[in-house]
Amino acid sequence: MLILLPPSETKTAPGAGAPVDPAVLSFPELTAAREQVLAELAATSAREDALEVLGVGERLRGEVERNTRLGAEPAAPALSVYTGVLYDALDPAGMTGAQRTAAAASLVVVSALWGAVRPDDRIPAYRLSMGAELPGLGRLAAHWKHQLPAVLEPAAGDGLVVDCRSAAYAAAWRGPRARTVGVKAVRERNGRRQVVSHMAKHTRGLLARHLVERAAAGERLETPLDLLSAAQERWRAELTEPTARSAGELVVVLTED
């Protein structure tokens with residue numbers, strides 16, 4: 001089972017530690033592409049119009065300035081750098097040893113800067129979204145779309161792919177349709193359903209944690225129906241099964257009285 005996560009916009013900058021070495025991150029085949037993005041990001045972040053190009057506001061100027069020196073900034077495991085709603089729900093700090101092992105084997109974060117990283121890969125905090133377009137490189141989703149299949153298709157193998165990413169990050173690589181299930185969360189009130197972004201991120205984080213716990217307990221989730229069964233242990237959930245032509249969808253329905 002491969003669980004795909006988006007990075008978080010908010011990140012916790014490590015206070016100490018050796019800087020990132022792109023060559024020792026998981027999926028070393030991406031090293032050249034990572035170094036290219038890293039160099040373009042540093043050059044873009046040093047421009048006078050960096051905030052505009054990167055699509056961020058003045059309050060994030062310090063994070064953009066940090067982009068110019070990422071090669072020297074302290075790095076830490078990815079799951080301690082990525083923070084925010086989804087990662088708070090995932091709660092990596094609260095995992096047991098067996099759960100951390102299961103997370104390392106099943107979780108992959110698709111990143112605008114690094115392409116794809118595993119939980120224990122050491123990275124610095126940075127500011128870059130997949131929807132950004134870097135001068136000299138172009139739109140990042142298109143850049144990674146040419147790079148990620150070579151590493152993520154072998155990582156997925158013939159197993160189930162659970163896609164917890166947002167649309168921008170899903171555009172960089174889509175798993176094998178017949179074995180991929182996207183995750184959606186909706187709020188149901190008085191018979192009407194509504195997608196709420198904050199709630200959807202939280203639910204995806206909880207689901208990813210639940211799947212990691214099941215894997216750590218020795219359960220094998222091999223099919224979309226296995227995924228549905230696992231989700232129904234905690235939530236009301238519905239499944240549209242994948243086909244050879246389209247990925248499936250797991251809908252977690254959160255009701256309000």
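**View 1. The second largest pocket of the predicted model.** In this predicted model, the second largest pocket holds about 350 Å³ of space. Its lining is made up of 17 residues, and those closest to the pocket centre are Met1, Leu160, Arg220, Leu221 and Glu222. Helix α6, which spans residues 97-106, contributes 3 residues to this lining, the most of any element. By class, the lining of the second largest pocket comprises 8 nonpolar, 4 polar and 5 charged residues.

**View 2. The largest pocket.** The volume of the largest pocket is about 590 Å³. A total of 29 residues line the largest pocket, with Pro7, Ser8, Glu9, Tyr169 and Lys201 nearest its centre. Two or more lining residues come from each of α5 (85-90), α9 (167-170) and α10 (197-216). Of these elements, α10 supplies the largest share, 4 residues. The lining of the largest pocket contains 14 nonpolar, 9 polar and 6 charged residues.

**View 3. The packing of helices α6 and α10.** The axes of α6 and α10 lie 8 Å apart and form an angle of about 110 degrees. Because angles of 65 to 115 degrees count as roughly perpendicular, α6 is roughly perpendicular to α10. The crossing of α6 past α10 is right-handed.

**View 4. Residues at the contact of α6 with α10.** On the α6 side, the contact is formed by Ala98, Gln99, Ala102, Ala103 and Ser106. Their counterparts in α10 are Arg209, Val212, Glu213, Ala215 and Ala216. By class, this contact has 6 nonpolar, 2 polar and 2 charged residues.

Note on methods:
Residues numbered from 1 in each chain as written. Predicted model: local features only at pLDDT ≥ 70, side-chain atom pairs only at ≥ 80, totals over all residues. Heavy atoms only, no water. 1 Å grid on protein atoms, 1.4 Å probe; cavity = no way out; pocket = protein on both sides within 12 Å on 5 of 7 lines; lining within 4 Å. Points joined across faces, edges and corners; volume = space filled by probe spheres on them. Nonpolar A, V, L, I, M, F, W, Y, C, P; charged D, E, K, R; others polar. Axes fitted to C-alpha atoms, helices over the stretch in contact; angles between N-to-C directions. Parallel < 35°, antiparallel > 145°, perpendicular 65-115°, else oblique. Left-handed = near helix turned anticlockwise from the far one by under 90°. Contact = heavy atoms within 4.5 Å.
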